[in-house]
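Subject: Structure for you to look through

Dear colleague,

I am handing over the structure below, together with notes on what was found in it. Please keep the sequence and the model open beside this message while you read.

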Amino acid sequence: MRESPDRPVAVRATAFRGSSRWRRRPLRFVGYDALLPDGSVRFDVDLAAAMPAHPADASTRDTNVHDRCPEVGAGPWVDGFGRAVDGPEDGGPPLSARRRARPTDLPGRRPSAKVGRRWRTGFGVAALGLGALLVIGPLRDTPVGFLGVVSAFAGLAALAGLVPRAKRWW
C-alpha cells in the first residue's frame, strides 16, 4: 500500500501543564503531533483524524501513545500499529500556542469526586424543595401536583445516592 503525502506515518503525544479557563486550576493538557512521510512534523492534530484505523488498531495506537507519554514533555513517535519508531526530537511550539488543546482523561486518572457530589447535592436539594412546594401549594390537586411528587422523588433519589453504601439503611 502506498503512503499518501499528507497521511502521517507516526504520531506522538506531548503533555504540558496549563490552567483551566474558568477555575484557574492546574491541569495536564495533551496535544498530538503527526510525522509525515517526508520527515516534516505537523503540530496539534486530531489523533483520530490523523491516523484513521479500525477500532482495535486505534485502541492499540491510543493506548501506546498515552502510556509512553511522560507527565510533561514529548513522548516517542508511535506508528499505526502501536510500535515506537524513530523520528525528530523537536518539542514543538511553545505552551502558549498549545493552550487550545483539550485536557486528557488518561486511564487511571479519575475526576475529583467532590465535583460530582456538589452537583448532585445541589440538584437534590433544588428538586426536593420544588417538589415540596408543588405538593403543598395551591396547585396540589392539578397535574402540577403530580409533577411535584415526581420532582420530590428525583430529589430524594439524588440525595440518597450521596449516602455511603456501607451505611445505607435499606
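In the hairpin of strands S1 and S2, where six residues lie between the strands, Arg24 takes a positive phi near 55 degrees; strands here are DSSP runs of E with at least two residues, helices are runs of H or I with at least four residues, and both are numbered from the N terminus. Please bear in mind that this is a predicted model, in which local features need pLDDT of at least 70 and side-chain atom pairs count only at pLDDT 80 or more, while totals for chains, interfaces and linings use all residues. Residues are numbered from 1 along each chain as its sequence is written, and side-chain values use heavy atoms, with hydrogens and water left out.

S1 (residues 10-19) and S2 (residues 26-35) pair in the antiparallel sense over ten bridges, where pairing requires that DSSP finds at least two bridges between two strands. Within this pairing, Val11 stands opposite Ala34 of S2, and Ala34 in turn stands opposite Arg42 in S3. S2 and S3 (residues 41-45) are also antiparallel, with three bridges, and in their hairpin, which has five residues between the strands, Gly39 takes a positive phi near 95 degrees.

How many of the ten residues of S1 are buried? Eight of them are, where buried means under 20% relative accessible area, exposed means over 50% and partly exposed lies in between, with a 1.4 Å probe and protein chains only.

The structure holds one aromatic pair, a term for rings of Phe, Tyr and Trp (its six-membered ring) whose centres lie within 6.5 Å, with planes under 30 degrees apart counted as stacked, over 60 as edge-to-face and the rest as tilted. The rings of Phe16 and Phe29 have centres 5.9 Å apart and planes at 15 degrees, so the pair is stacked. Phe16 belongs to S1 and Phe29 to S2, 13 residues apart; Phe16 is buried at 9% relative accessibility, and Phe29 is buried at 8%.

The largest nonpolar core has 13 residues, and among those touching the most other members are Val11, Tyr32 and Val65; such a core is a set of buried Ala, Val, Leu, Ile, Met, Phe, Trp, Tyr and Cys residues joined through side-chain atoms within 4.5 Å. S1, S2 and helix H1 (47-50) each supply at least two residues of this core.

Ser59, found in helix H2 (residues 55-67), is partly exposed, with a relative accessibility of 41%.

Finally, a word on confidence: pLDDT, the predictor's confidence in each residue from 0 to 100, averages 77 over the chain, and 76% of the residues score at least 70. Among the elements of the chain, H2 has the lowest mean pLDDT (76), and helix H4 (residues 143-160) the highest (91). Over residues 100-109 pLDDT stays under 50. Where pLDDT is low, the predicted coordinates should not be read in detail.

With best wishes

How values were computed: Contact means heavy atoms within 4.5 Å.
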